[in-house]
Amino acid sequence: MPELPDLELYVACLRPRVVGQALQRMRVFSPFVVRSVEPPLSETHGRAVVEVRRMGKRIVLHFADELYLIIHLMIAGRLLWKKPGAMRPGKIGLAALDFAAGSLQLTEAGTKKRAALHLVCGEASLRRHDPGGLEPLECGPAAFTAALRRGNHTLKRALTDPRLFSGIGNAYSDEILHAARLSPLALTGRLTDAETERLFEATRSTLSRWTDSLLRQFADRFPGPGDVTAFRDGFAVHGRFGQPCPDCGCAVQRIRYAENETNYCPVCQTQGRVLADRSLSRLLKNDWPRSVEELNF
Ligand SMILES: [Zn+2]
């Protein structure tokens, strides 16, 4: 699932290509992807893009006259930049936004169609799609701590709760928790001030390092189909079950849940304890992202 660094990459790649450009037309190949009715998508035709921004895990194309096209990629949704008028990229193609300079295509691999487009009019309507989490690269330590301590949750759940923090999902929460040397099961209510500070620093450094690295990597080309992924070379633990932790060499462990898994290093993060899958369901009860939908909201 694209998270903050991937979405910032898309935003940075889209801006020079579409801001100031008029959308010629939008082609919808898979009608289910469009989840709004009013205003009709044709309202965007002929209008210029004023700005592109990220809102939580969504990308927003702001058109003239306060029209906002909200793109939610969910898990398998991706964006491609093709030649003007390019054909539908096979069955994975959901929609295309045609500009004079190129065609922005929304694709989604797999059979579960979760990616969504909404067109809304006015800032107030746009805000209804914003889960309201803090921007982790813009907030200070006090606001971060306040959000973290708003309830007593596992760190995994708190970091991935879009009402608390914006843009963090399954992959980067694993990386942040490893960098902070904290267990995904630690409870926010029991963190010491030193641990909270470590988590704040790890959140900022992990997200900004990966964002900067992706922006550098794609400074002169739009990311291709395999370039936005939850499994990156250079990740410490996420997607690396059984492989050695880069810091201590211990085999990375996993906790499976919903359609996902959380990865952690038992030496660096849980004082050597391996957290058993089965006992977790009892321990965690409701304090874990229960479904893919919840994790991606
Ligand atoms: Zn380790």
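**Reading helix packing and a sheet**

Q: Which way do α3 and α6 lie relative to each other?
A: α3 and α6 are roughly perpendicular to each other. As for the labels, angles of 65 to 115 degrees count as roughly perpendicular, under 35 as roughly parallel, over 145 as roughly antiparallel, and the rest as oblique. Here α3 (residues 141-148) packs on α6 at about 110 degrees, with the axes 10 Å apart. Axes are lines fitted to C-alpha atoms (for helices, over the stretch in contact), and angles run from 0 to 180 degrees between N-to-C directions. Helices are DSSP runs of H or I with at least four residues, strands are E runs of at least two, and both are numbered from the N terminus. Keep in mind that this is a predicted model, where local features need pLDDT of at least 70, side-chain atom pairs count only at pLDDT 80 or more, and totals for chains, interfaces and linings use all residues. Residues are numbered from 1 along each chain as its sequence is written.

Q: Which residues of α3 and α6 meet?
A: Contact means C-beta atoms, placed from the backbone, within 7 Å. Pro141, Phe144, Thr145 and Leu148 of α3 meet Thr196, Glu197 and Phe200 of α6.

Q: What about α5 and α6: at which angle do they pack?
A: Helix α5 (residues 170-180) packs against α6 (residues 193-217) at about 130 degrees, axes 8 Å apart. That's why α5 counts as oblique to α6. On the α5 side, the contact includes Tyr172, Glu175 and Ile176, and on the α6 side Arg198, Leu199 and Ala202 are among the residues.

Q: Which strands form the open sheet, and in what order?
A: The general idea is that strands of a sheet pair through backbone hydrogen bonds, either parallel or antiparallel. In this model, four strands line up as β2-β3-β4-β8, with antiparallel pairing. Two strands pair if DSSP finds at least two bridges between them. β2 (49-55) and β8 (116-121) sit at the edges with a single partner strand each, so one side of each has no neighbour in the sheet. On average, neighbouring strands of this sheet are turned by 20 degrees against each other, direction ignored.

Q: How many bridges join β2 and β3?
A: Six bridges, in the antiparallel sense, join β2 and β3 (residues 58-63). To find your place, look for Arg54, which stands opposite Ile59 in β3.

Q: Which helix lies across β2 and β3?
A: That's α1 (residues 4-18), which runs at about 175 degrees to β2.

Conventions: Contact = placed C-beta atoms within 7 Å.
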